[in-house]
Amino acid sequence: MTPTHDVILVGGGGAGLRAAIAMAEVNPQLRIAVVSKVYPMRSHTVSAEGGAAGVVGADDSLDEHAYDTVSGGDWLADQDAVEAFVQEAPRELLQLEHWGCPWSREADGRVAVRPFGGMKKMRTWFAADKTGFHMLHTLFQTSLKYTSVFRYDEWFVTRLLVDDGRVHGVVAIDMKSGRVDTITAHATILCTGGCGRVFPFTTNASIKNGDGMALAYRAGAPLKDMEFIQYHPTGLPFTGILITEAARAEGGYLVNKDGYRYLQDYDLGKPSPTPVLRSMELGPRDRLSQAFVHEVEKGRAIDTPYGPVVHLDVRHLGAKKINSKIPFVRELCLKYQNIDPITEMIPVRPVVHYMMGGVHTDINGATPLAGLYAAGEVACVSINGANRLGSNSLPELLVFGARAGKVAAEYASSRSDGPSSAVFAQAKDEERQLQAAFRGGSGKGEKLAPIRDEMQKAMEEGVGIYRTGASLTGAATTLRTLQERFRNVSIDDHSQTFNTERISAVELGFMLDVAEAIANAAVTREESRGAHQRTDFPGRNDGKYLAHSLVSRNADGSSTVGYLPVTITRWPPGERVYGR
Amino acid sequence: MADRITLQVARYRPEEQSAPTFQEYEVPVQKDWVILDALNHVKDRIDGSLSFRWSCRMGVCGSCGMTVNGVPKLTCATFLTDYAPGPVRVEPLRNFPVIRDLIVDLGDFMRKLVGVKPWLVRKEEKPISEGEYRQSPAELDAYKQFSMCINCMLCYSACPIYGLDPKFVGPAALALAQRYNLDSRDQGGPERMEELSTHEGVWGCTFVGECTKVCPKNVDPAGAIQRYKLEAALDWVKGVVMPWGGR
């Protein structure tokens, strides 16, 4: 039987749309489907603010971008992937320019660049401080001209269909009608983004539930480097809304309750009135978030109803610079924090922002399962290693979205066979399970929200910025219990039409699987590297752990952690030096 | 400040009801809560069947537009305390078919968006290897405002013309057409003119200006439309006075 489409993209954010366009251009005959639980322009790429790195300046070089990325990632990135990434990033950013992206400009009309954390040269392209928004809308609007791209808007994928080690498509719920349907294809690309919502305090949108990670994990693909979770140092208290690193790149200071630029106490350099690259406020995110924890311990943070904060001070930049370079920062502060950064300091604290880990892929986005690819935050190639640098994720989703699109298109073009009857039997089984699910199981019935709250609390307490073997084991034990309770979940809503509670229930199941993978990967890595800081193992151990963790799911739902050596090409492991 | 407030929320479940009804929920009033937080409180603690869209909670994804006390609002950017002591009436966006509860059907907009060709049109593509199209900050400013549209649909909900004539292309799609028309890199103006200079296009707008008033991102769709009318009229005049080509 002929599959419904040649290639399915699960997710219509930056990576998914870039892949879709790449495929439509490689082979206009391909029947491409974008299956997304939200309209593409709602995807979380929209929230990215600061910028996208790609070497353009005469004083810059690909090697320097690669070195910043490798050292920023504490040598856990695969250097062949990083080299490909830095080489292709400028071209991808230019391609977006040709599609109309409103990049900020220099007076002579060239694209402007700004400094960014952990980057030794100015190479971050930006569209004011709504870079992700403009990139996403440019990609979405451009995608509309390709008639070979068919969209399933507001369709929610619940399962990958696997037969004989190969992925043949998905089962999805059409949210509007509630109908469960089977969509088959020669190749499937996961572009569903991250899973920040497994934590209580995150910049991530409500849709970031690790869907693609869990789909792949359940289908038999391993998850890589899941223990590396990025805390962005500057989130607004209560809401977790991101205040972009661009605020510091433009010259903002981080100060404690005494008005002291405390980063100078944490081997990040000496304070200077104007920004110094790879120094102080332009250090990497892991180090800045860790410094915050120490300031709290020293009693030098400011207490608020939403926990301790420090201040981000941009007042000295002046109204003109704030309004032209970081207008969204001001808009967000005015609307959500009721303060004006032109005259007041911004209260901030570290907030879960990004997953360095994800579905294990090769340099082309291919997973170990035939016919399955992944790109963007859902994937782990890895270029980000143990800590991603700000402004590397947007070019990453372009470079690897395009790469995954091209190889998936080639794969799909080479196949003529269709899915077997076993695939449709699996799909039927999934449909039956979905219809029967969330009706209380054998117990008295559990509500979704308490399980979700307890999962998030366990992750924050056990798997936060600093971890120990005991805290991680504690979290893992709690998560096991929550998995048991999840079996007895009972929802209020049993109607077919746009049943958001049913979707939330499936998402909670995804999150529990992903949270367990994170905790288990973290407890196994007995060293401190980048964003994974074990107080019981404070040093980096290259002898044992210069390797990616790979979490695989066992039939009973438990997991096994293995390791894969890091690819080193030109930069042997060294010390991460900032500010000196 | 009262510590509780009543939400009157429009409910519509097509499998059970033939017409929408209102349901009341009492929620705590917290200083930092927006309307969306109150709705999530209801969904998590009181009634899991209440349905609405939301995602970013920072006013940029465009998902959570609803009608709050008669006015189209992004509910993630609308504080609950502004409506104390209540009650607060929360309804779906107007002028759209309702799918369920607070969720409306966006299919019509999505089709119209494609119709205005919201992408850069070039007669000849410059190879990527030759670098960027130069664009001065002033040229960027010429269209930047219209590129800020988040497709939240508040303008369609506020537009009386769209309410009367669903064929009207509408504010956001017209503003996005102008976003490309005014982009110094774009050469698709004449193509878009065919679609837009019709009764359902810009001439459908009678300049009520409600769209601009409710826009949460200061896009000014009404301004975009008026400017386009002027250009369309000049284009017509040029065509008559200078039939050999005034453009």
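**Note on the predicted two-chain model**

1. Surroundings of L9(A). Once its neighbours within four places in sequence are set aside, L9(A) is in contact with G16(A), A19(A), A20(A), A33(A), V34(A), V35(A), I189(A) and C191(A). The model is a predicted one, and the contacts of L9(A) should be read as computed from it.

2. The nonpolar core. L9(A) also belongs to the largest nonpolar core, which has 261 residues. The residues with the most contacts inside this core are L9(A) itself together with V7(A), A19(A), V35(A), I189(A) and A375(A). Among these, A19(A), V35(A) and I189(A) are also listed as contacts of L9(A). Helix α14 of chain A, residues 500–524, gives the most to the core, with 14 residues.

3. Placement of α14(A). This helix lies across β10, β20 and β21 of chain A. Relative to β21(A), α14(A) runs at about 60 degrees.

4. The sheet. In chain A, 5 strands form an open sheet in the order β17-β15-β10-β20-β21, and the pairing is mixed. At the edges stand β17 (379–380) and β21 (559–565) of chain A; each has a single partner strand, so one side of each is left without a neighbour in the sheet. In general, strands of a sheet pair through backbone hydrogen bonds, either parallel or antiparallel. Here, β10 (residues 223–224) and β20 (residues 547–553) of chain A pair in the antiparallel sense over 2 bridges. Within β20(A), L550(A) is the bridge partner of K224(A).

5. Overall form of chain A. Chain A has 15 helices and 21 strands. Its radius of gyration is 23 Å, close to the 25 Å that the globule rule gives for 580 residues, so chain A is as compact as a globular protein of that length. The C-alpha trace of chain A spans about 70 × 55 × 50 Å along its principal axes. Of the 580 residues of chain A, 63% count as buried. Among contacts in chain A with a separation of 6 or more, 76% are between residues 24 or more positions apart.

6. The interface. Chain B places 46 residues in contact with 46 residues of chain A. On the side of chain B that touches chain A, the elements giving two or more residues are α1 (35–46), β6 (98–100), α2 (107–115) and α3 (137–144) of chain B. Of these, α3(B) gives the most, with 3 residues. By residue class, this side of chain B divides into 20 nonpolar, 12 polar and 14 charged residues.

Notes:
Residues are numbered from 1 along each chain as its sequence is written. Chains are lettered from A and ligands numbered from 1 in the order in which they are written. This is a predicted model: local features need pLDDT of at least 70, side-chain atom pairs count only at pLDDT 80 or more; totals for chains, interfaces and linings use all residues. Two residues are in contact if their C-beta atoms, placed from the backbone, lie within 7 Å. Helices (H or I, at least four residues) and strands (E, at least two) are DSSP runs, numbered from the N terminus. Ala, Val, Leu, Ile, Met, Phe, Trp, Tyr, Cys and Pro count as nonpolar, Asp, Glu, Lys and Arg as charged, and the others, Gly among them, as polar. A nonpolar core is a set of buried Ala, Val, Leu, Ile, Met, Phe, Trp, Tyr and Cys residues joined through C-beta atoms within 7 Å. A residue is buried if 20 or more other C-beta atoms lie within 10 Å of its own, exposed if 12 or fewer, and partly exposed in between; C-beta atoms are placed from the backbone. The radius of gyration is taken over C-alpha atoms; the globule rule is 2.2 Å times the number of residues to the power 0.38. Two strands pair if DSSP finds at least two bridges between them. Axes are lines fitted to C-alpha atoms, for helices over the stretch in contact, and angles run from 0 to 180 degrees between N-to-C directions.
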